[in-house]
Amino acid sequence: MPPFGLLHMRAWASLFGQLLRPRRAVFIREVAEAVLTSQLKPHQEKSHFVIKTPKGTRDLSPQQMVVREKILDMVIGCFKRHGAKRIDTPAFELKETLTEKYGEDSGLIYDLKDQGGELLSLRYDLTVPFARYLAMNKVKKMKRYHVGKVWRRESPTIVQGRYREFCQCDFDIAGQFDPMIPDAECLKIMCEILSGLELGDFIIKVNDRRILDGMFAVCGVPESKFHAICSSIDKLDKTSWKDVRHEMVVKKGLAPEVADRIGDYVQCHGGVSLIEQMFQDPRLCQNKQAREGLGDLKLLFEYLTLFGIAEKISFDLSLARGLDYYTGVIYEAVLLQTPAQAEESSNVGSVAAGGRYDGLVGMFDPKGYKVPCVGLSIGVERIFSIVEQRMKTFGQKIRTTETQVFVATPQKNFLHERLKLIAELWDAGIKAELLYKNNPKLLTQLHYCEDMGIPLVVIIGEQEMKEGIIKLRLVASREEVAIKRENLVAEIQKRLSES
């Protein structure tokens, strides 16, 4: 190989440079495009970004929150009247806490990503967390209520008040007590709440999981299919018997003649007379579980009669409640019609439900110690949808604030006096407002009071300062009275107590 001198090296460098220049140009162009794309991408993405709430969720306006708070106040007031104490639990639980508690509905649980080595899920209801709470804290007796959000990955139907994120109001009685007394109180609470909310006529369907299991047994359902068939029966309030039968036979492998025998039972509903009839049923009366369930229901109806609510309760053999943890009495409240329009209750679905779950706490206790429990859950979202629709129909106006007094002035440079005056009202516990302007117009202030439904206006100006008085204006009648400055708070409190 010939030796390379300086000139040869320069020549080779020039040649390599010519060969690499196109590639270098391509590389530089690619880098520039990448930088430009990275700069433009956020802007491009932003232009396509749709601002909305996630599917199955919603924001609540101030007007909606007022209605919601009134419903919750009424529900919570009833729970307190019956001696319940309040607890709260985390919005998410360990995944294993919720696993295998909800039957076919377990697929609706929201699982979270691994957080520091713990597999977590959003709570599906308030019942399982309550059972975990009892077991973890070794509580043997408790009457509690709990209000909180739960999450389910089901197909939302906003019109019917079905969401993926929604609020539940639960009342439960935990502990070993004489049969059916706590169960009867739970049904009484349901009646009190639904009657108090004035949603229209309603009925509470009642059944017992022991009667269902006994019915399945005498009809020939294999024990391994009890839960699966129970989940199918639970759909009878939404679909026809024909469709439910098809699901049991075709999808779940039940013999057609067995399904037909079940059909003879699940289409029965009534009162105490139906319980007596089932006691005489040649097949059902042979099953020990069914007899126990029927005996408890008979006792339950005795207590319901004493509570004066028996006419609101229907023994319905089609009621199944698909959740796996129920062990005894189950119940579900449905509206027969809404005040605004007489529609079938199936348009809304159940507005309250519950039942007895004697084995759930034992699933969490290391020694399997059982704490019998019975409870109910109020469907706040569905009730809210009904009340909201009714208010729209009747054009009811809603106050979004509770302001009682507005502090106003007809003249300029009175901000300091207004601030001193409103501080005095606040310190006295009076709900008061003013406009955040140095020199607001009097007409603007009065219009604001009328728009917001504020009942009283306190007016201070030069003349009032000279005379040591304050003008008190009644917004509804537009009447004005002069009151001594030192008597203002007492006078306002008197008028508010009388209104």
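**View A. Glu491 has a relative accessible area of 23% and is partly exposed.** Here, buried means under 20% relative accessible area, exposed means over 50%, and partly exposed lies in between (1.4 Å probe, protein chains only). The model is predicted, so local features need pLDDT of at least 70 and side-chain atom pairs count only at pLDDT 80 or more, while totals for chains, interfaces and linings use all residues. Residues are numbered from 1 along each chain as its sequence is written, and side-chain values use heavy atoms, leaving out hydrogens and water. Look for Arg495 as the salt-bridge partner of Glu491, with their closest N and O atoms 2.9 Å apart; a salt bridge is a side-chain nitrogen of Lys or Arg within 4 Å of a carboxyl oxygen of Asp or Glu. Both residues sit in helix α17 (residues 488-498), 4 residues apart, which means a separation of about one helical turn. Helices (H or I, at least four residues) and strands (E, at least two) are DSSP runs, numbered from the N terminus. Arg495, at 25% relative accessibility, is partly exposed.

**View B. Glu185 and Lys143 form a salt bridge.** Their closest N and O atoms are 3.7 Å apart. Glu185 belongs to helix α5 (residues 181-196) and Lys143 to strand β4 (residues 142-151), so this pair ties together parts 42 residues apart in sequence. Glu185 is buried at 18% relative accessibility, whereas Lys143 is partly exposed at 24%.

**View C. Lys312 and Asp201 meet in a salt bridge.** Here the closest N and O atoms lie 2.8 Å apart. This pair links distant parts of the chain, 111 residues apart: Lys312 is in the loop between α11 (288-307) and β8 (313-316), and Asp201 is in the loop between α5 and β6 (202-208). Lys312 is partly exposed at 21%, and Asp201 is partly exposed at 36%.

**View D. Five strands make an open sheet with mixed pairing, in the order β13-β12-β14-β15-β16.** Two strands pair if DSSP finds at least two bridges between them. At the edges, β13 (432-433) and β16 (479-484) each pair on one side only. β15 (residues 469-474) runs antiparallel to β16 over 6 bridges, and Ile470 stands opposite Ile483 in β16. Helix α15 (residues 442-452) packs on the sheet and touches β12 (405-408), β13, β14 (456-459) and β15; contact means heavy atoms within 4.5 Å.

How values were computed:
Axes fitted to C-alpha atoms, helices over the stretch in contact; angles between N-to-C directions.
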